[in-house]
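Please open the structure in your viewer and keep the selection tool at hand.

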Amino acid sequence: MESLKDALANAHSSFSDRNPASYQAYLTSRKHLPGGNTRTVLHADPFPITFASGDGCTLTSLDGHRYVDFLSEYTAGIYGHSNQVIRTAIADALDQGWSLGGNTLYEKELAKLVCERFQPTVELVRFTNSGTEANMMAVATAMAWTGKKKILVFEKGYHGATLSFRTPPPGAPYQDMNLPHEWVVGTYNDVASTQRLLSELPSNSLAAILVEPMLGSGGAIPGSLPFLQLLRAYASSHGALLIFDEVMTSRLSYRGLGHKLGIQPDMMTLGKYLGGGMSSGAFGGRADVMAMYDPTKNGGVAHPGTFNNNVISMAGGCAGCKVLNEQTTKRLNDLGELLKEKVQCAIDEALGFKRAIQESKTDDIPLELPMYITGIGSILSIHLTSPGLLSLFYHHMLSEGIYLAERGFIALNIELGVADVERFVASTGNFVKCYKGLITQT
């Protein structure tokens, strides 16, 4: 049996042979971008694919290879790559001019759509340019509202470029770039240790709890109901604000994952797909808290931002909210559940395991298994025992015409169908059969 090192070397060699145009684009870009990169997550060894176009759920590279997109721009591409309703809305907005430097009707309509959709949590809303900005502003809002400084977050949580609590893999050349707040870092889904951590805090010191109801970038690990209920109860009894980061997870149910779970936070953040695939974000919540931003009142706080209400994102968002209606949202997440079930069954069959698929709505993640899938609905993640195996899986799927994140992250879009799911399942099964020895070795 070949070693993982040799298998990866062979995969990289085959990838390089198939993608000379992407390689040349990578070499050229290194002259002007550090490492040829302006977005760290998009780099993958030996070099990243450069795409030429996208249509529906299909991406085409510079080398002419076509890939079924199961990454969907890390959840932002939920509409696929050529939705005509969104395209028309943006074109119509541009016909009226852009960078107007004032109010337009678009942000007013989008605010109405967002508040109506994410009721009762979002009573008032403000827009930003990204999910990172939305979370930064939500944390700042909580500190201003409570007059306190400490923010409880959790390991593996990711709330943006300067709000990241994921543990980098061994040898990763990344430094902590987080904002210098008074972070208190707990263990996700661990009720007992979270209770201990909270009991050790100085009295009346916690401004906010910032948490994803399901870890997104941290591996699509659903939050357990007891864990999230604990956070809700503590925030309520100690004068802190509970902030649900639903930049990713708001797509998992029409009114967001928190609403589906029956837990109402004080604030909620949005992003990714909110602008119809354009740069966007939002933070909103209780009317009394958000009223601090009312410019007609004295003693409030300011929230500037040149592009907060840019017509492209606002028009795209208005159209996107209508495209992603309740029926479409349900169909998409049902398709994700089908994919999850079929992928786990394919893995188990190829590995010779006989067991039922784990219920991803619990925190009973089968860590003893060498390969498994987690998540809810249209956000999923493949887990293997090492980053090297995940990279090998990534390259295998590329070779079969399927695009996902190198770390195993999967996000579906509304252009995908059952035939695409069957293709993903078959390709996953082929991977397990081909590399079973490497997957199961300890």
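Select Arg407 and Phe409 to begin: in this predicted model, the charged end of Arg407 sits over the ring of Phe409, 5.7 Å from the ring centre.

Next, select Ile410 together with Leu339. These two residues have the most contacts inside the largest nonpolar core, which has 63 residues. Helix α11, residues 326-351, supplies the largest share of this core, with eight residues. Now display the surroundings of Ile410: leaving aside residues up to four places away in sequence, Ile410 touches Phe70, Leu339, Ile373, Ser378, Ile379, Leu380, Ile382, Leu404 and Phe424.

The tour then turns to aromatic rings. Across the whole structure, a search finds 14 aromatic pairs. Select Tyr26 and Phe47, whose rings are stacked at 6.2 Å centre to centre, with 25° between the planes. Tyr26 lies in helix α2 (residues 20-29), whereas Phe47 lies in the loop between α2 and β1 (51-55); the two are 21 residues apart. Tyr26 counts as buried because its relative accessible area, 12%, is under 20%. Phe47 is likewise buried, at 2% relative accessibility.

Proceed to Phe393 and Phe431, an edge-to-face pair at 5.0 Å centre to centre with 75° between the planes. This pair links helix α12 (residues 387-399), which holds Phe393, to helix α13 (residues 418-434), which holds Phe431, across 38 residues. Both Phe393 and Phe431 are buried.

Finally, select Phe15, Tyr23, Tyr26 and Phe47, which ring pairs link into a cluster.

Methods:
Residues are numbered from 1 along each chain as its sequence is written. This is a predicted model: local features need pLDDT of at least 70, side-chain atom pairs count only at pLDDT 80 or more; totals for chains, interfaces and linings use all residues. Side-chain values use heavy atoms; hydrogens and water are left out. A nonpolar core is a set of buried Ala, Val, Leu, Ile, Met, Phe, Trp, Tyr and Cys residues joined through side-chain atoms within 4.5 Å. Buried means under 20% relative accessible area, exposed over 50%, partly exposed in between (1.4 Å probe, protein chains only). Helices (H or I, at least four residues) and strands (E, at least two) are DSSP runs, numbered from the N terminus. Contact means heavy atoms within 4.5 Å. Rings of Phe, Tyr and Trp (its six-membered ring) pair if their centres lie within 6.5 Å; planes under 30 degrees apart count as stacked, over 60 as edge-to-face and the rest as tilted. A charge sits over a ring if NZ of Lys or CZ of Arg is within 6 Å of the ring centre and within 35 degrees of the ring normal.
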